Amino acid sequence: RNLTSDLRAAIGTDQFVLHYQVQARGDGDIAGYEALARWTHPARGTVSPGHFIPLAEQSGSIVPLGNWILRRACLEAAKWPEPFRVSVNVSPLQLADPMLVSTIRDALDESGLAPDRLIIELTESAIIRDREAALNALSAIRDMGAGLALDDFGVGYSSLDVLRSFPFDRIKLDASFVSQIEESRQAVAILHSVAELGKSLGMVVVAEGVESAEQLRIVLENGCGAIQGYLIGRPAPDLADPEAVRATV
Ligand code: G
Ligand code: G
Ligand code: MN
Ligand code: NA
């Protein structure tokens, strides 16, 4: 047996769990959590999502795996305190699945989670495959009442046209970008401009990968509306303590 067939067989079993990484607003209140999938292989131990997500994409398992993640995230988030939202990463290949919208609707119905407590995270590469199909799916997701985050913004293909043409309501500024703001005035200037751009478009800008108090200070001073990163919480099976998060921010 190889890892690909093990992966397919593991979907829906307790080998897969979701960890949650906290996202806080500038005032220190918790906004919600990003769901991050974790796989414990019975023989190999922990397999990182950086490994198994591409494997699932290459082997055609990403749709069943992604559907399970969506359902599980909604079921778990439905038990959280009311204001907390859950963000779920959706792969480009899931967006190409014509059933995605109904899968999301079913996950919301089954869990009872209010649609505005679900945020779908997508990278730009998801959109460039088939723009028209992507626009239809994203519009349907927004019409349902869920949020839409443009993930990993600032690296790769990110272009302003995507912000104009697709109904995203939040931007996640990539961690590799935030990691430069202590040394690079250019990085701070770009961060500031993206935060302003987001505000003008009525979008929340989330700074990802905030690891130090100095990075936190810079991203908040420059107008980011929310933060995520090891400084305030690592991905973990349990939710972060709100008092500890508030004390850090
Ligand atoms: O911590 P982290 O190692 O969890 O994640 C590594 C990569 O795997 C990131 O790019 C992250 O977006 C992706 N990833 C983690 N969980 C999921 C998931 O549930 N679905 C998808 N599509 N990607 C995920
Ligand atoms: O691709 P996406 O942005 O969805 O994935 C989030 C990834 O970023 C996950 O792998 C998560 O574990 C990782 N991550 C979260 N916070 C930090 C951080 O503060 N520093 C770094 N280097 N990675 C982080
Ligand atoms: Mn993400
Ligand atoms: Na990201």
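**Ligand shells and a helix pair**

β2 (30-41), α2 (49-59) and α3 (62-77) each contribute at least two residues to the shell around ligand 1; helices (H or I, at least four residues) and strands (E, at least two) are DSSP runs, numbered from the N terminus. This is a predicted model, in which local features need pLDDT of at least 70, side-chain atom pairs count only at pLDDT 80 or more, and totals for chains, interfaces and linings use all residues. Residues are numbered from 1 along each chain as its sequence is written, while chains are lettered from A and ligands numbered from 1 in the order in which they are written.

User: How many charged residues does the shell around ligand 1 have?

Analyst: A residue is near a molecule if its C-beta atom, placed from the backbone, lies within 6 Å of it. The residues around ligand 1 include S48, P49, G50, N89 and P235. Ala, Val, Leu, Ile, Met, Phe, Trp, Tyr, Cys and Pro count as nonpolar, Asp, Glu, Lys and Arg as charged, and the others, Gly among them, as polar. By class the shell has 7 nonpolar residues, 5 polar and, as for charged residues, no such residue.

User: How do the residues of the shell around ligand 2 divide by class?

Analyst: Of the 15 residues around ligand 2, those that come nearest are N89, G209, E211, G229 and Y230. The shell around ligand 2 divides into 5 nonpolar, 5 polar and 5 charged residues.

User: Are α3 and α5 roughly parallel or roughly antiparallel to each other?

Analyst: The axes of α3 and helix α5 (residues 100-111) come within 8 Å and cross at roughly 30°. Axes are lines fitted to C-alpha atoms, for helices over the stretch in contact, and angles run from 0 to 180 degrees between N-to-C directions. Angles under 35 degrees count as roughly parallel, over 145 as roughly antiparallel, 65 to 115 as roughly perpendicular and the rest as oblique. Therefore α3 and α5 are roughly parallel.
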